[in-house]
Amino acid sequence: MKKIFLIFCFLISAQTLLANNKLIDSLRTELERTDNPAQRFYILNRISDIKNFQADKIDSAIVVEMLNIAEELNNDSLMAVCYNLIGLYFFNKGDNNTSLEYLIKGIPLAEKVNDKRRISSLYFDISMVYFNLYSYEEAYKNILKGGENLPDRSFQFYDYMLVQYQRNMTMYFIFTNQTDSALKYAQELLETSKRIKSILFEFAAMYLNGSVYTMTGNNEKAELYFNKAIAISDSIKSQEEKMKFYESYIEYLIKNNKTNEALEQARQLMNLAIQTNDINLKMSGSGYLRLIYDKMNNTDSAYYYSKIE
């Protein structure tokens, strides 16, 4: 029964990805038909948005062309978009400092043209970098600023901004052990992610709900949501997002004394860290391996990963 459930979840995610890929193909066809810089920028930005929300990697070639157009047109609004994308690119590379540099540079440009969508996006992305730096209160301050700058509900992409607010608030309340608030935002995140049909945020909604139910002691529901996340995990290309899944799932396994399973997940996390050479993943993977080997009384291995950490 569990295998059938996982296949069903995979098929749903595959259908969503197929629809998004068809839309990207259509946009690329439009791109080939125009030399107008402003039109090309808009199309490239739509492609980037779709790839981002389906958890695909940011295409550096697209960002370079967008940046060239923004500089050519000397347009503050377009430059804010570019800085946001560049910040996300370095975030997904695990380069926290460079990511913050570009994201912060984008804020005054977005504020200058009162682009609420971009202002909120920049603040939400800044908060994600602070989560990687374990600066939870700084992350929270930026989430609130992003929330204050959400676009009007009538805005076409309002739900895409709302879902980022809900995800980040859920994370903050999990990290600060505020169970009731974490559950509230996790459930809201689940509803919005279903509405927008984003693989990235569906994945986040599943593992974050798993984390919240781990906090409440409802292991049956926690396992249900983690299994849903596992079913679509192969569709997720963002290593930072995968890191957060591994962290949530390993915490669940450790809390329920499933030490061998936790060890296997921590090894997978460390393997991903080595493949991508991502310092955030290396820090996380070595930290969990050190913790698990310590619980297993394997002193030599615990010491080894402690040195790496």
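Axes here are lines fitted to C-alpha atoms, for helices over the stretch in contact, and angles between them run from 0 to 180 degrees between N-to-C directions. Two packed helices are described by the angle between their axes and the distance between the axes. Everything below comes from a predicted model.

Take helix 6 (residues 116–132) and helix 8 (residues 158–175) to begin with: their axes come within 10 Å and cross at roughly 25°. Angles under 35 degrees count as roughly parallel, and helix 6 and helix 8 are therefore roughly parallel to each other. The crossing of helix 6 past helix 8 is left-handed. On the helix 6 side, the contact uses R117, S120, S121, F124, D125, S127, M128 and F131, and these meet M161, Q164, Y165, R167, N168, M171, Y172 and F175 of helix 8. Sorted by class, the residues of this contact come out as eight nonpolar, five polar and three charged.

Helix 12 and helix 13 make another pair, with axes that come within 9 Å and cross at roughly 160°. With angles over 145 degrees counted as roughly antiparallel, helix 12 and helix 13 are therefore roughly antiparallel to each other. Here too the handedness can be given: helix 12 passes helix 13 in a left-handed crossing. Helix 12 brings Q239, K242, M243, F245, Y246, Y249, I250, L253 and I254 to the contact, while helix 13 supplies E261, A262, Q265, A266, Q268, L269, L272 and T276. The class tally for the contact of helix 12 with helix 13 is 11 nonpolar, four polar and two charged residues.

Now for each member of that pair. Helix 13 (residues 259–276) runs for 18 residues and reaches 26 Å from first C-alpha to last, close to the 26 Å expected at 1.5 Å a residue. Buried positions in helix 13 are A262, L263, Q265, A266, L269, M270, L272 and A273. Those buried residues pack against helix 12 (239–255), helix 14 (279–295) and helix 15 (299–308).

What follows the ends of these two helices also deserves a look. Just after helix 12, N257 takes a positive phi of about 60°, and just after helix 13, N277 has a positive phi of about 55°. The loop between helix 12 and helix 13 holds K258. K258 has a relative accessible area of 27%, so this lysine is partly exposed. Not counting residues up to four places away in sequence, K258 touches E223, Y252 and L253. Between K258 and E148, which sit 110 residues apart along the chain, the C-alpha separation is 42 Å.

A contrasting case is S99, which lies in helix 5 (residues 96–112). With a relative accessible area of 0%, S99 is buried, whereas K258 is partly exposed. Leaving aside neighbours within four places in sequence, S99 is in contact with G87, F90, F91 and V129.

Conventions. Residues numbered from 1 in each chain as written. Predicted model: local features only at pLDDT ≥ 70, side-chain atom pairs only at ≥ 80, totals over all residues. Heavy atoms only, no water. Helix = DSSP H or I, 4+ residues; strand = E, 2+ residues; numbered from the N terminus. Parallel < 35°, antiparallel > 145°, perpendicular 65-115°, else oblique. Left-handed = near helix turned anticlockwise from the far one by under 90°. Contact = heavy atoms within 4.5 Å. Nonpolar A, V, L, I, M, F, W, Y, C, P; charged D, E, K, R; others polar. Expected span 1.5 Å × (residues − 1). Buried < 20%, exposed > 50% of the residue type's maximum accessible area, 1.4 Å probe, protein only.
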